[in-house]
Amino acid sequence: MEKVKLSNIKLFGEPDIQYRKFPKKPTVKQILDVIKKPFITTKDVILSFNLNKQIYYFPIKAGFIYDGATIIKILVPLIGLGTDIRFMKAALVHDYFLDHRSEIYPKYFKAKISVNGFITLTTILFKEILKQNYVSKIKSNIMAFCVKEWQKSIFNKKMWKYLNT
């Protein structure tokens, strides 16, 4: 497995994360969408990091919609709720990279790292931003492990398969 060496992970700006509002006279689809992804950023931020000595900048624009940190129910007593404010920036970055993987991976990383390396990259970003937001090392390691294993699980193989074409 190739080495994914990340450093200088920084999020510039405050995303000002808000709960989404239901539209007036919403359809069932709109209601379900807001329930599934209840958070929205209202300010632009820029993620910066070094990967194997190359600097990358990724703008995350205001209006990005995401679900926060997904914590399986059995781990809630140990980890906490996915809406914990300390998890929100890490979840924002992770969800942004996953939601845009079909653009980000081929354009920036395909020639440098495998899909598995990209999963590792997104996991490291998630874990380090958790630590920057006062999540303990033990908890951030557990969360990162779960995130990485879920991405590599049989339930998500299809999600990554087409990136190798």
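The largest nonpolar core of this predicted model has 40 residues. Such a core is a set of buried Ala, Val, Leu, Ile, Met, Phe, Trp, Tyr and Cys residues joined through side-chain atoms within 4.5 Å. Buried means under 20% relative accessible area, exposed over 50%, and partly exposed in between (1.4 Å probe, protein chains only). L47, F49, F97, F109, L121 and L125 have the most contacts inside the core.

| Element | Residues |
|---|---|
| β4 | 45-51 |
| α4 | 101-109 |
| α5 | 115-132 |

Helices (H or I, at least four residues) and strands (E, at least two) are DSSP runs, numbered from the N terminus. Helix α5 gives the largest share of the core, eight residues. Its buried residues include F118, L121, L125 and I129. Y134 follows α5 with a positive phi, near 70 degrees.

In α4, R101, I104, Y105 and F109 are buried. They lie on the same side of α4, because they cover an arc of only 90 degrees around the axis.

On the surface, F12, I46, I55 and Y57 form a nonpolar patch with about 410 Å² of accessible area together. I46 sits in β4. At 37% relative accessibility, I46 counts as partly exposed.

Residues are numbered from 1 along each chain as its sequence is written, and side-chain values use heavy atoms, without hydrogens and water. Local features need pLDDT of at least 70 and side-chain atom pairs count only at pLDDT 80 or more, while totals for chains, interfaces and linings use all residues.

Technical notes: Arc of directions from axis to C-beta. Expected span 1.5 Å × (residues − 1). Patch = residues over 30% accessible without salt bridge, like charges linked within 9 Å, V, L, I, M, F, W, Y side chains within 5 Å. Areas by Shrake-Rupley, 256 points an atom, 1.4 Å probe, with all protein chains shown as cover. Salt bridge = Lys/Arg side-chain N within 4 Å of Asp/Glu carboxyl O.
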